[in-house]
Amino acid sequence: MGRKHQSAIRGAVAAMAVSLTGAGASLAQPAAPPNPDPHNLQGTWMAAPRAHLTHDMKPHMGRGAPDDIPDSEITWAVGDVMPPFSAWGKAKFDSNVNAQINNTPHADPSTNCMPHGLPRLMIAPYGVQIVQTKGLITLMHAVNHNVRYIHMDQKMPAKVPVTFNGYSVGHWEGDTLVVHSKGISSQGVIDQLGTPHSDSLQVTERIRKIDGGKQLEDMMTFDDPVAYTHPWTARLIDNWDNGHRISEYVCEENNRNASRPDGTTTAR
Amino acid sequence: MLKSVAAASAAACLLGLASVGAAQAADHPDFTGKWRVLAFVPTIKTDKGAVPPLRPEAKKVYDQRIADRAAKRDVHDPIDGCVPHGVPRLMFAPYPMLLLQANGQLDVIQEANHTTRLIYIGQPPVEDDDPKWLGDSTGHWEGKTLVVDTINNDHRTWLDKAGLPHSDEMKVTERLSLGGDGKVLTDAITIDDPKTYTAPWTTTVKFQRVPGNMELKENVCTRDHKM
């Protein structure tokens, strides 16, 4: 990787990341074919752009310039329908969208170099390296050096601390990894647009390899009775990243989009 | 890679998930687990108990940092700005760390600002690349010792809290080994940086296992220490 190239990555800010998809891979690494073992998720994956977001859906956001929207971080329910907002959720969503339209987006935790929070972390268009050890699946994301742990084959503790990335337990059902998460701070949002959630959010993910291990499918079901009238599901895809290494990403070094005193940011 | 894939696939039929980690060569120790430095040392010394052999210019920098801290002046410790500790300081930060040994890597996750350091075992060094806060680390086995070389180290990091300096030509060699029935991890750290030190020098740090049910916290520097 060229020096210039990598410097650009190191100085990059999370919210401006969309165009960097695929960057951060060191070309010197040997290619690694997808592993056919459905229970072996190890290696580097890259969140795919949201291929099934249709232009037909964009006007639903009430926004004049649809091409201006960062597709890869917008979450829609499966079937390209709007999430089933409660009145509270819709008011929050509208407020967040309007802030973006008015170029005064609300700062979210990642804007200030804090963890993205679940589920936004899973959607961010950067590499994630998955490591499996006894009783634990660890996700090391390039972006803001986020770390997420999936505690295998254990019950959800009665009390979990509220954190950005939540507390996750998982188990295998056949070839599908089922992950349940709670304790997710409501400071986070579901996507870059500002699709909201409360701290009642619980996430159930059904993760499996598809296409011979070239892709990971993550069916994420959001159960949040404060923000939504009923649970809804989004489908995320990660692409196998051929053995590439995730890059060092230090948001803290030069954060040009830190929030202003009024809570807005220049990040979009 | 191909070999470990095959091994993992074959074993997976019999053992399920546990086999994924077991594809590691059996004769190498497994550092996986939670560790914490036995005793936090803010001012590291060589194994002989001496101040590392600083060149005169570097000694001036170091002495100034020590004087600033003693006088409670702003010391401009880089980690106060929430950037990574750098190598080797990350290893002996006074927080628990999780080591994950799998898939041809030894990965270090420091609780302090959830910092991740990836060590690629059996891979060639990343020559002539940009300096990074945590450098580029590759490892190889010498018997039961994992020897880790780290290059491309950003000169802005400090080697310890006191403020031992280094240049971006520093090469760090760590020798990681297990002792005490697998309960003690030893990291013998050699600093080779002719621009800053008159000779390579070594300092050794030991770690103890953290009880299994104690989990790493979500430590967020930019929240807990305003940037």
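**View 1. Helix α3 of chain B and its buried residues.** In this predicted model, Ala58(B), Tyr62(B) and Arg65(B) are the buried residues to look for in α3(B). Looking down the axis of α3(B), you find its buried residues within an arc of 60 degrees, so they line one face of the helix. Now turn to the face directed away from that buried side: here sit exposed residues, among them Pro56(B), Glu57(B), Lys60(B) and Asp63(B).

**View 2. Helix α3 of chain B from end to end.** This helix covers residues 56-70. After the helix comes Lys72(B), with a positive phi near 60 degrees.

**View 3. Helix α2 of chain A.** Which residues of α2(A) are buried? They are Gly89(A), Lys92(A), Phe93(A) and Asn96(A). Seen down the axis of α2(A), they fall within an arc of 100 degrees and therefore line one face of the helix. Ala87(A) and Ser95(A) are exposed, on the face turned away from the buried side. Following α2(A), you meet Asn103(A), whose phi is positive, near 60 degrees.

**View 4. The barrel of chain B.** Nine strands close into this barrel, running in order from β1 through to β9, with mixed pairing. From one strand to the next, the twist averages 30 degrees. For one pair, look at β1 (residues 33-37) and β2 (residues 97-102) of chain B, which run antiparallel and are joined by three bridges. Lys34(B) has Leu98(B), in β2(B), as its bridge partner.

Notes
Residues numbered from 1 in each chain as written. Chains lettered and ligands numbered in written order. Predicted model: local features only at pLDDT ≥ 70, side-chain atom pairs only at ≥ 80, totals over all residues. Pairing = 2+ DSSP bridges. Helix = DSSP H or I, 4+ residues; strand = E, 2+ residues; numbered from the N terminus. Axes fitted to C-alpha atoms, helices over the stretch in contact; angles between N-to-C directions. Expected span 1.5 Å × (residues − 1). Buried ≥ 20, exposed ≤ 12 C-beta atoms within 10 Å, placed from the backbone. Arc of directions from axis to C-beta.
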